[in-house]
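Here's a quick briefing to read alongside the model. Have the viewer open and follow along.

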Amino acid sequence: MKKLTLILAITAGLAGRLSAATAESSKIFTPFFDMTLAENGYMPSEGNIFSGGNINTQVGLLAKITEKDQVFGLYNFNYGGPGFAPQDTKQFTDRTLTHGFNFEYRRSLGGHWRVRPGISLSKDYTRSGANETWDQGLYNTESKGFQLAVDYSFDAAHNGFITAQFLTRSIEFPNYTDLFQEFMNPSVTSELSGGQQDQRLTQVSLRPNWNKFFGGVTYTMQKYKNQKVVGATGVATYGDTSEKQEDTTTTLDFGFHHKLWIFELYPVIAYSVHDSNQNYIRYKSIGDVSPYFMADNYSYKELSFSVPLDLNITSKWAVGGAMSVVKRNYESRLRRDKFNNYVAGEKQENTMTTLTGSIRKRINDVAMVRLSYSLVVASSNNEFEQYMPYNYTGNSFGIAYQLSY
Amino acid sequence: MRKIVLLTLCLGLPAGQARAEIDWESKGMQIAGEILANPAAFLYEFQQDLEGTTPLPPGKRYGFQTGLWGGALPTIGVMPSLSGKFRLHGEGRLSPGLPQLDLIGGYWNSPLAGMAADQSDDITDTKFNGHYYGFLLSSSVSPRVRTFWGFKKSQLKAKISFAPTADIKLLGTPVNDIDTGFEDSFFVVGLESPKGLNKLWSIQLNYGMDTQTIASKVSWYGKYFELGLNIYPEGVFVVHPVWNFHLNF
């Protein structure tokens, strides 16, 4: 599940930023630079204190070949360190490292239309502690693919345009091994367990923008190349079914970024429907002879919204507040009590709420620094928390620099 | 003032609900474990504190730098260093738009290593030094913004040899010597912006391509001094306050 979250975030994030770079009319080459650096200290009610940072660096160059033809190259470095995260996504200590390359050709067609075919390569590293090596992360991935975007400009005065995009990625997990499969079939481990997370990701989206209002609908399909659906009869049928895993996610989102007097508001709301045909078998112990079969374990609906508000006290200083909520309701998965027993008739629900207060200083016209405090309240009706915390509160204090050109 | 008090209360009240018992002993063991797992990488963070990886200011041809403070160490005493920068090409000199090209490099050697060998009968030989070299390309993208990117090769050596008569044990195992080191090639990218007359502000990322070492630096510098916050998100001590002295000509 954490890979799904990561892949969707990276794919959506990078694809979204591609259209952000625009050529300055007088220049042949226009650089694009965006760097965000954040470091936080975390104090959860469950577990010990820890620190974690986030670094996102994008370096790009837009070359204007003719008035109608442009080429854009973008390198994206992203580091996501330890931190609080919505339940069922990642551990506090998990960290990721991503190198992404995008090359895009842009061709203007008439006054309103523009096509943007492109290719993408990325390499992701994961690990759960600083004492592990990045190269050997179980969920490391290598991704390659292409995309085609079409922009239609309908109101140039208010930056109004609609973007339709199709993208596809082949994602491989070179280190992934299925420990359960190896345990059950120790003599044929590598042949059976290799490549089970390898997948083809396809995404189509339609996203209108107008006057700093934005939104859209995104449909993502993940077809696993080898991973089969877990059968209902447990050990004996694991992998015997010919059905392979397929996941789809449909997301609707809307947001805007507007200023009114000293108020600067940039809320975002998103609603996702994730559907997976994968099931789950719970073994309470290695010798469990009657494992519990949970059909449709991974399908859910998720509502998330974030409402940040900054009060620009002066041209340099601002105080801000934000509230963000992520609420996930599983379609079929039952909640578990603290003894790892499924509770009949009660489906699992997770909620994570984050309240943030911050002080922002604008260093100059391209850079700002923000000091922030956040209170996180995570709650779930799932009481089995041996491997991942579901119910906790946490404080975090942080400093973040942002520089964009 | 009322607003400040109110804000403090708002932030402080919920903080009480989430207060956890901090297990300092466990945290200390975790930190010790991370140092033991890769001592050279830990020591290298202090070398990065004294490395000069920002471009020469426009109009300057060469410069020198030495580290005064890095992390929790007075690097001027523990790791005395000398760094240099030399401009090979000024921006736009040979051709319009051609970036400025600086060569960078430096060396440090700890006197504590020799002192330990001299004053202890159990220690026969020690080495604790490092160096780096590379280049930086910088290009103005507006009157107030200059981007820079480049490459550096860094190396650190740390070695301590014990006398055969010394009964040194590490976790119960006899140890004759500890020989560790760090070496990597880094990709450097950053952006610089003026803060005032002869005052600059920059943010940069250093990424080690072999070891995936990550370092980000935010620094303010003027005619003589550089003040910075070096952040090593995967490091043992994540935030290093940095103070360096430099002269540019």
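Asn340(A) sits in the loop that links strand 17 (317-336) to strand 18 (342-364) of chain A; strands here are DSSP runs of E, at least two residues long, and helices are runs of H or I, at least four, all numbered from the N terminus. This is a predicted model, where local features need pLDDT of at least 70 and side-chain atom pairs count only at pLDDT 80 or more, while totals for chains, interfaces and linings use all residues. Residues are numbered from 1 along each chain as its sequence is written, with chains lettered from A and ligands numbered from 1 in the order in which they are written.

- Asn340(A) has phi near 70°, a positive value for a non-glycine residue.
- With 14 other C-beta atoms within 10 Å, Asn340(A) is partly exposed (buried takes 20 or more such atoms, exposed 12 or fewer, partly exposed is in between, and C-beta atoms are placed from the backbone).
- Asn211(A) also has positive phi, near 50°, and its spot is the loop between strand 8 (199-210) and strand 9 (213-228) of chain A.
- Asn211(A) counts as exposed because it has 12 other C-beta atoms within 10 Å.

**Where chains A and B meet**
- Chain B puts 35 residues into the contact and chain A puts in 37 (two residues are in contact if their C-beta atoms, placed from the backbone, lie within 7 Å).
- On the chain B side, helix 1 gives the most, with six residues.
- By class, that side of chain B has 23 nonpolar, seven polar and five charged residues (nonpolar is Ala, Val, Leu, Ile, Met, Phe, Trp, Tyr, Cys and Pro; charged is Asp, Glu, Lys and Arg; the others, Gly among them, are polar).

**Nonpolar cores**
- The largest nonpolar core has 34 residues, and those touching the most other members include Met35(A), Leu403(A), Leu191(B) and Ile203(B) (a core is a set of buried Ala, Val, Leu, Ile, Met, Phe, Trp, Tyr and Cys residues joined through C-beta atoms within 7 Å).
- Strand 1 of chain A supplies the largest share of this core, five residues.
- Beyond its neighbours within four places in sequence, Leu191(B) contacts residues of both chains, including Phe33(A), Met35(A), Val145(B) and Ile203(B).
- A separate core of 12 residues includes Ala41(B), Leu43(B), Tyr44(B) and Ala158(B).

**Helix 3 of chain B**
- Helix 3 (residues 39-50) of chain B is largely enclosed by the rest of the structure, because 10 of its 12 residues are buried.
- Among those buried residues are Phe42(B), Glu45(B), Gln48(B) and Asp49(B).
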